[in-house]
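Open the structure in your viewer and keep the selection panel at hand.

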2 protein chains.
Amino acid sequence: MANRLRLVTGSVADHIRRCQACPLNALCLDEAPPGSLPPQQPCLEQRCVQLHGGEHLFRVSDTVDQQLHILRKGDIKLYQHGREGGQHIIEFLGPGAWIGLESLNEERRHAGAVALTDCEIASVPYAMLTSLLDRQPRSAEAFGHLLSCTIARHQQHAAMLRSTSAAQRVAQFLLQRLEQAHGYAKATLPMSRQDIADYLGLTSSTVSRCLSALRRRGWLSMGQRAFTLPGRADVERVAAGAPLALDDAVTS
Amino acid sequence: MANRLRLVTGSVADHIRRCQACPLNALCLDEAPPGSLPPQQPCLEQRCVQLHGGEHLFRVSDTVDQQLHILRKGDIKLYQHGREGGQHIIEFLGPGAWIGLESLNEERRHAGAVALTDCEIASVPYAMLTSLLDRQPRSAEAFGHLLSCTIARHQQHAAMLRSTSAAQRVAQFLLQRLEQAHGYAKATLPMSRQDIADYLGLTSSTVSRCLSALRRRGWLSMGQRAFTLPGRADVERVAAGAPLALDDAVTS
DNA sequence: CGACTTCTTGAGGATATTCAAGAATAGTGG
DNA sequence: CCACTATTCTTGAATATCCTCAAGAAGTCG
C-alpha cells in the first residue's frame with residue numbers, strides 16, 4: 001500500500017480543470033488542455049450515503065472505518081460530549097466539507113457527526129484517496145493544504161470563544177456563516193439555538209436575545225431557516241467589539 | 001523533490017528504539033535488533049537555535065522559512081493578535097513539541113512564537129524531514145499522527161474555553177500542565193498571568209483570584225514557577241464543574 | 001539597593017445565567 | 001387539511017459571575 005501525501009511548500013494553484021461529478025473534485029487536479037471540457041465521468045467510483053436529519057454518520061468512540069467523507073448536500077454538526085451531559089459543538093459543516101480528517105490516524109472517533117438536515121455524503125476509502133495522491137502530486141499538495149486549513153479553522157473558533165461579549169460572538173458567527181456560503185448574501189441556520197449556544201460557549205437564551213437585538217435594529221432579517229444581514233457593516237462593527245444593548249429599545 | 005507523507009490507517013507502535021541525539025527522535029523509527037543499543041550518532045545533522053526568554057522564533061506575517069522546529073529545552077508560546085491590541089494565546093509548548101505544523105502549506109505565519117524561558121530549538125528543513133519520511137514508512141505514520149494530535153489538542157482547548165466557570169477553566173489548565181509534564185506531580189507556569197488569562201479567555205485578575213482560592217483551600221501549592229496539587233482530587237472536581245467560591249473564607 | 005514590572009486583592013458595576021412562563025414552530029395522526 | 005402534542009424559541013425578572021478600575025504587595029532586573 002503506497003499511500004502517501006506530499007509535503008508541500010508553496011500554495012496550491014487553483015486554475016485547474018476538475019471533473020464535476022467526482023467526489024474528490026477539490027483534489028482531483030489533473031491538468032486538462034486549455035479549452036477542453038472537464039472530464040465528465042468520475043475518476044473514482046462514487047459511493048454515496050443518504051442521511052436524514054437527526055441521523056448519525058458516526059458517534060463518539062465508534063471505530064474509524066478507514067474512509068473519509070465528503071459532504072455533497074446538507075449540513076452536519078461535529079460534536080463532543082461535554083461534562084454534565086451537555087454537548088460541545090466542534091464545528092458545523094456544509095456542502096463541500098471533508099469529514100473525518102481529525103481521525104486520520106486514530107482507532108476510534110473522538111467526535112460524533114450528526115446530520116442537521118437531509119444529507120448526501122460521498123465516502124472515499126483511504127486506499128482510493130492515497131492512490132490518487134500517489135498519481136497526482138498536485139492533489140497531495142491540496143490535501144496537505146486541507147489539513148492546514150482545518151487547524152486554522154479551529155484557531156479561528158478559539159478566537160471567537162475568547163471574545164468577551166456575547167453579542168460579539170453571535171455577530172461573528174453570523175458573518176462566518178455568510179462567508180461559508182461564499183458570495184451569497186444569504187445563509188442558513190439549520191442548527192438549533194442550543195447548538196449555536198454550545199458552539200459559542202453561551203446559553204440558548206443569550207443567543208436568542210442577541211439575535212432579537214440585531215433584528216430589532218433591522219441589521220438582521222430572518223426567515224424560517226435563512227437569514228440576511230441588511231446592516232452588515234453594523235454587524236461587523238459589533239463583531240469587532242462595538243457595544244450592543246440587548247434589552248434596549250431602538251434609539252437611532 | 002520527493003517529499004511525501006504516509007497516510008496512515010492504524011496506530012503507531014512505540015516500542016521502537018530511537019537514537020537519542022536526533023532532533024527527530026520521535027519520528028526516526030528505524031527498527032533496531034532487540035537488545036542492541038540505540039544508535040549514538042544522529043541520523044540527521046542537527047542545527048540548533050538558542051533563544052533567550054522574550055525573543056521571537058517567528059512573528060505573525062513572517063514568511064515561512066521551509067523548516068520545522070522541535071523544542072528541545074524551554075517553553076514557547078504561540079499567539080495571534082486579537083482585536084483591540086490584546087493577544088490571543090493559541091498554545092503553550094514545552095520540551096519535545098513541534099513548532100510550525102500549522103504553517104506547513106502556508107506562505108506566511110498566521111501565528112507568532114515567543115520564548116517564555118531560555119530555549120534550545122532544533123530546526124529541520126522540510127527537505128530533510130521528507131527524505132526521512134520517504135525512507136521510513138513508520139516515520140510517516142508517526143508524522144501523520146502528530147498532525148492528528150494537533151487537531152485534537154485544539155479541540156480540547158476549545159472545550160476548555162466553553163467551560164462556563166472561571167474556576168473550572170483554571171483548574172483544567174493546571175491539570176493540563178501537570179499532564180503535559182507526564183508522570184510528574186510537579187509542573188511549571190513559565191508564562192505570565194496575563195498569558196494564562198488570554199489563553200483561557202479571562203482577565204489576569206480573575207486568574208489570580210482563582211489561584212488564590214485554590215491556594216487558600218490548600219489544594220494548590222505554588223513556588224516561584226513550579227506548582228503541585230496536594231488536593232488533586234478536589235481540583236479535578238472543580239474542573240468538572242464543582243462550584244468554588246472565590247472571595248470566600250475556608251469553611252471545611 | 002532602587003526602579004520597574006507583575007501579581008494580588010478590594011469594591012462597584014456591567015453582563016450573562018438561571019428559572020420560568022408564554023409564543024411559535026414542527027411533527028403526528030386522524 | 002386540520003387539530004393536537006411536543007419541542008423549540010422568545011422574553012422577563014432576579015441572581016451570580018466576571019470585569020473594570022485602582023492601589024498596594026511582591027517579585028525581577030539592572
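How many helices and strands does chain A have? Select chain A and colour by secondary structure: there are six helices and 12 strands. Bear in mind throughout that this is a predicted model.

Of the 252 residues in chain A, 50% are buried. If you display contacts between residues at least 6 apart in sequence, 70% of those in chain A join residues at least 24 apart.

Now show both chains. Chain B can be superposed on chain A with an RMSD of 0.1 Å, using a turn of 179 degrees and a shift of 0.0 Å along the axis. The two copies are therefore related as by a two-fold rotation axis. Colour the contact residues between the chains next: 98% of those in chain B recur in chain A, so the same surface serves both copies.

Next, select residues 193-200 and 204-216 of chain A, which are helices H4 and H5. At what angle do their axes cross? The crossing is at roughly 100 degrees, and the axes come within 8 Å. Because of that angle, H4(A) counts as roughly perpendicular to H5(A). Show side chains here: H4(A) contributes A:Arg193, A:Gln194, A:Ile196 and A:Ala197, while H5(A) contributes A:Ser204, A:Val207, A:Ser208 and A:Leu211. By class, the residues of this contact are four nonpolar, three polar and one charged.

Move to helices H4 (residues 193-200) and H5 (residues 204-216) of chain B, which pack at about 100 degrees with their axes 8 Å apart. H4(B) and H5(B) are thus roughly perpendicular to each other. On the H4(B) side, select B:Arg193, B:Gln194, B:Ile196 and B:Ala197; they meet B:Ser204, B:Val207, B:Ser208 and B:Leu211 of H5(B). This contact has four nonpolar, three polar and one charged residues.

For the last stop, select B:Leu174 in helix H3 (residues 166-180) of chain B. Is B:Leu174 buried or exposed? Its relative accessibility is 1%, so B:Leu174 counts as buried, the cut-off being under 20%. Leaving aside residues up to four places away in sequence, B:Leu174 touches B:Leu189, B:Leu211, B:Leu214, B:Leu220, B:Phe227 and B:Leu229.

Key
Residues are numbered from 1 along each chain as its sequence is written. Chains are lettered from A and ligands numbered from 1 in the order in which they are written. This is a predicted model: local features need pLDDT of at least 70, side-chain atom pairs count only at pLDDT 80 or more; totals for chains, interfaces and linings use all residues. Side-chain values use heavy atoms; hydrogens and water are left out. Helices (H or I, at least four residues) and strands (E, at least two) are DSSP runs, numbered from the N terminus. Buried means under 20% relative accessible area, exposed over 50%, partly exposed in between (1.4 Å probe, protein chains only). Contact means heavy atoms within 4.5 Å. Copies are superposed by least squares on the C-alpha atoms of residues with pLDDT of at least 70 in both. Axes are lines fitted to C-alpha atoms, for helices over the stretch in contact, and angles run from 0 to 180 degrees between N-to-C directions. Angles under 35 degrees count as roughly parallel, over 145 as roughly antiparallel, 65 to 115 as roughly perpendicular and the rest as oblique. Ala, Val, Leu, Ile, Met, Phe, Trp, Tyr, Cys and Pro count as nonpolar, Asp, Glu, Lys and Arg as charged, and the others, Gly among them, as polar.
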